[in-house]
Amino acid sequence: MNAVTFQNVSKRFKGAGRSALENVSFTVEEGEFVTVLGPSGCGKTTLLKLINRLYEPDSGQILLFGEDTQGVDLVKVRRGIGYVIQQIGLFPHWTVAENVATVPKLLKWDRDRIRARTDELLRLVGLEPEEYKNRYPSQLSGGQQQRVGLARALAVDPKIMLMDEPFGALDSITRGKLQQELLALHRETGKTFLFVTHDIEEAFLLGGRVLILDGGKIAQFDTPEAIIRRPAEGFVRSLVESAREKGRFWEAYL
Amino acid sequence: MIDYLVRYYDRLLAALLEHLEIVLLAMLFSVVLAALLTLLCQFSERLSKLLVHLLSVVYSVPSLAMLALMIPLTGLGTVTAVIVLVIYNQYLLLRNILAGLDGVDRGVTEAAMGMGMTRLQLLWQIKLPLAKKAVVAGLRIALVSTVSIATIAASINAGGLGAILFDGLRTMNTAKILWGSLLSAALALGADRLLALAERKSA
Ligand SMILES: Nc1ncnc2c1ncn2[C@@H]1O[C@H](COP(=O)(O)OP(=O)(O)O)[C@@H](O)[C@H]1O
Ligand SMILES: [Mg+2]
């Protein structure tokens, strides 16, 4: 089954000279880990927000697990999607446990179930519940905050996770660790992941397939191996070339 | 001055209580109306901008003129005074509350929306608690302004401390002028301190 289907989707913001997304079509299968790669301003965030309808498309159709997102209740759609953003967006006046329990509370789970699930989730993202659940976000490091953000997004076991540069503000060591843990999580849960990044190494490391955006259009959508072996003319080729340059820079020191 | 206090303390006390009544009534209705308008503003950015602009225009009308303008509609007395005070307060309250709500971190509101909070859940659970400082600041300004504008309401027979003040002005009675002003200032300061204390307690 297809988790996400875009059919000729276009989006232009009011007053903008050109479309943020232009006639974009693609499908993501259930269980895939797809990374969305491209430079700043190419439309990655727009693509993600069209899926959970923080933005509405001007034209085209977006299907989520076969269902047109326009047809269903907005709030219900969102509660079934795990959403993680670079700014993390933890609620500063709530404890870690309360943050993680956000969607379960919206869905009116009973208290014991919420408590058990919160502990389970914190352990899953590598935070000892007893030590962390009563802390406030300001009492955590950036990496720990994003772990809580991840736990919060996983709370009601959504079938699909949308992640918008979630590790963009983290140091490279923490980022590497979280990347590996995310891959493990994907292997264990079989959830569908759509992961936005502007970092080519991150995109190629995490993605089973990589969707490369350039100026609101899909430049190439394929496995990392296929892209490296046969990069599309123009933008993708120069992207791969610049990554190679960077590799050579480090090799000089080996 | 002390003389006046001793002789007329019951009259002063009555005026003070009358003043307090006008202020409390005005604040009560102001808060209820501001809450409703805030709710309304959640559904349209444009409406909220328009409303604040409109209220700022109304707010710029001098209070004496506003009171006079209302007389043909609602007559002399306390009711008119309370209405005028409520109208003035809407600008002070709305501007502060909306600015506070707007100042909440974008990442926080986006995460909340993305997880499927409704607009009202977002307002009640996230935005209002995080904008508490601005809301209380608005309340404090409105309260002080209400106490002082309420003295002017005596000009349309609403009573209160203003009545003593205006009486004093008309008869050039310094004691009356001073007591009217002093009590009004003390009331404003006292009420403000009370709110400040309540804010610190709840923080
Ligand atoms: N809310 C918005 N209002 C107006 N223009 C926007 C908005 N969001 C994004 N854009 C514009 O759309 C384009 C794509 O933005 P975005 O999807 O955020 O890019 P990316 O996430 O790849 O950096 C940019 O030109 C940006 O300026
Ligand atoms: Mg972006």
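User: How many helices and how many strands are there in chain B?

Analyst: This is a predicted model. From the N terminus on, the elements of chain B run α-α-α-α-α-α-α-α-α. The C-alpha trace of chain B spans about 65 × 40 × 20 Å along its principal axes. The count for chain B is nine helices and zero strands.

User: What area do chain B and chain A bury between them?

Analyst: The size of an interface is often given as the accessible area lost when the parts come together. Here, 16 residues of chain B are in contact with 20 residues of chain A. Of the area buried between the two chains, 69% is on carbon and sulfur atoms, and the total is about 1600 Å².

User: Which residues of chain B lose the most area to chain A?

Analyst: Three residues stand out on the chain B side, and together they account for 38% of what that side buries. They are E110(B), G114(B) and M115(B).

User: Which residue of chain A forms a salt bridge with E110(B)?

Analyst: The count between chain B and chain A is one salt bridge. A salt bridge requires a side-chain nitrogen of Lys or Arg within 4 Å of a carboxyl oxygen of Asp or Glu. In the pair with E110(B), the closest N and O atoms are 3.4 Å apart, and the partner is K49(A).

User: Which helix gives the most to the side of chain B that touches chain A?

Analyst: Across the interface of chain B and chain A there are six residue pairs in polar contact, both residues being at pLDDT 80 or more. On the chain B side, α5 (106-114) and α6 (119-130) each supply at least two residues. The one that gives the most, with seven residues, is α5(B).

User: How do the residues of the side of chain B that touches chain A divide by class?

Analyst: Gly counts as polar in this division. The residues of that side are nine nonpolar, six polar and one charged.

User: Which residues have a polar side-chain atom that lies 2.9 Å or 2.7 Å from an oxygen atom of ligand 1?

Analyst: The residues around ligand 1 include F13(A), P39(A), G43(A) and Y55(A). For side chains, the 2.9 Å distance belongs to K44(A), and the 2.7 Å distance to T45(A).

Notes: Residues are numbered from 1 along each chain as its sequence is written. Chains are lettered from A and ligands numbered from 1 in the order in which they are written. This is a predicted model: local features need pLDDT of at least 70, side-chain atom pairs count only at pLDDT 80 or more; totals for chains, interfaces and linings use all residues. Side-chain values use heavy atoms; hydrogens and water are left out. A residue is near a molecule or strand if one of its heavy atoms lies within 4 Å of it. A polar contact is a pair of N or O atoms within 3.5 Å; within protein, one must be able to donate a hydrogen and the other to accept it, and residues adjacent in sequence count only if both atoms are side-chain atoms. Contact means heavy atoms within 4.5 Å. Buried area is the accessible area (1.4 Å probe) that two parts lose on being put together, summed over both. Helices (H or I, at least four residues) and strands (E, at least two) are DSSP runs, numbered from the N terminus.
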